[in-house]
Amino acid sequence: MNENLTVLVPEIALLGAAVIGLLTGSWLPRRRQWAVAVLAAAACVAGLAATAFTMATDREQTVFSHAFAVDTATDVGRLVVLAALLLVIGMSVEPVRGHRRETEYWVLLLMTGAGTLALIGANDLLMLFAAYLLASVPAYTLAGFAKDAPGTEAALKYYLMGALLGTTMLAGTAVLFAAGHATLYRELPAALLAAPYGLVAVGLVGVLAGLLFKAGAVPAHFWVPDVTDGALAPVAAYVTTLPKIGGLIAGYRLLHQALSGSDVNRPLLLAILAAATMTLGNLAAFFQTSVKRLLAYSTISQVGYLLMALAVATRTDLAQKSLLFYLAAYAVTNLGAFAVVTELPRAHTLDDYRGLARRRPGLVAVLVVCLLGLVGTPPTGVFLGKLEIFSATVDGGYTWLAALAVANTVASLFYYLRWLAPLFTSTDRAPVTTHTVLGRWAAATAYTAATLSLLLGVAGEAVLGLADGPLLP
């Protein structure tokens, strides 16, 4: 059995920093608990360096009885998650500075980040469920971190949905084990081919329920708007970004590796879910006035586009690189928009942003880049990501789904423009408190995220090359 711990440095770095940070924060005075934030950022940087080394030396392998795979999808997913986690840390500095539970915030963020990394490389059904729990439980606590009424409601809804769909996922795991007599992905395809059709279908739906919850896709999307609206802005940025990366890559690996031998019509099921998710997300976002709820429904629609890659996971070689690139582009673009929301803590509605171009032209530039980027406007990374994922969908034989996605993309321009138009509208009076800003960290995060979104669009071909590689069995 391969027990090479060196290939798990990113995961170990986050968990180690969480333990050390919890112990250190217990002794630090409140004014110096920022040191735990520095430790969290250092763990992310160490994970990025270790991942870059793994990719440069081509050290792809499976470890611990093939339960965890370190391959192209894992490496690219690690880069995206750790970079996104750094951006979340950056926009969290001012909102939690001096808070009496500041250390706990950073520790919870590190633990749920480690769970997301575990989801990405999970190559075994039991490993997948353990990673689901590690990614979910700390996030429930983060949702209610503010301990106010909206935060408590957000945490309760998040927990109840997670517990229900987590139980469903565990039941699906048990059914797939009963059908295939194995939990390792490499052993399941041949066994499931001879298993009863109904048993495999029920198991697949059960496991997908948990992963769709992590991604915020229909029909497991109900928690997304309420949690996004009720949680702190940096936490909302986290829950609308990183869990999707873990859930979608884990779902792609499951469908591609474990269920490739099944007769269940997985592509059609995922195509229907993708169509429903993108359409519902866009329709629900049309007349939202809260900026956080608008971004929440926007993220649901984005998951619909991403699910298209899962629908054609076994039908085209373009699916993997399109999924990984789109996830990277979406992560930085979405986080850029949320960084602006974090920077303006008293601007809750679209009208609160009226005339902002005169006061904060830099932030308005970020919003223009990120919101038009989420539509899929060149030269942002999401434009190239959508182009790739639409091409993969057509190549996989689902032209109707690609056409629906194009129509949804055009329709989404309406509600993004509803936010952008007031930015440049003159107003005689605007409450000074509306445009109160937090400080330099959230603004710097916004500028960094917008720059990364543009860089991914400009240098997309080079990044796409990194995402093209086989999954390890």
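This is a predicted model: local features need pLDDT of at least 70, side-chain atom pairs count only at pLDDT 80 or more; totals for chains, interfaces and linings use all residues.
Residues are numbered from 1 along each chain as its sequence is written, and side-chain values use heavy atoms, leaving out hydrogens and water.

**Helix α4**
- α4 is mostly covered, with 18 of its 20 residues buried (under 20% relative accessible area, 1.4 Å probe, protein chains only).
- Helices here are DSSP runs of H or I, at least four residues, numbered from the N terminus.

**Largest pocket**
- The largest pocket holds about 320 Å³ of space (a pocket is an open set of points on a 1 Å grid over the protein atoms alone, where a 1.4 Å probe fits, with protein on both sides within 12 Å along at least five of seven lines; lining residues have an atom within 4 Å of a point).
- Its volume is the space filled by probe spheres set on the points, which are joined across faces, edges and corners.
- Of its 17 lining residues, Leu79, Val80, Ala328, Leu456 and Val463 lie nearest the centre.
- That lining is 17 nonpolar, no polar and no charged residues (nonpolar: Ala, Val, Leu, Ile, Met, Phe, Trp, Tyr, Cys, Pro; charged: Asp, Glu, Lys, Arg; polar: the others, Gly among them).

**Second largest pocket**
- This one has a volume of about 260 Å³.
- α3 gives the most to its lining, with five residues.
- Its lining has 11 nonpolar, three polar and two charged residues.

Notes:
Helices (H or I, at least four residues) and strands (E, at least two) are DSSP runs, numbered from the N terminus. Buried means under 20% relative accessible area, exposed over 50%, partly exposed in between (1.4 Å probe, protein chains only).
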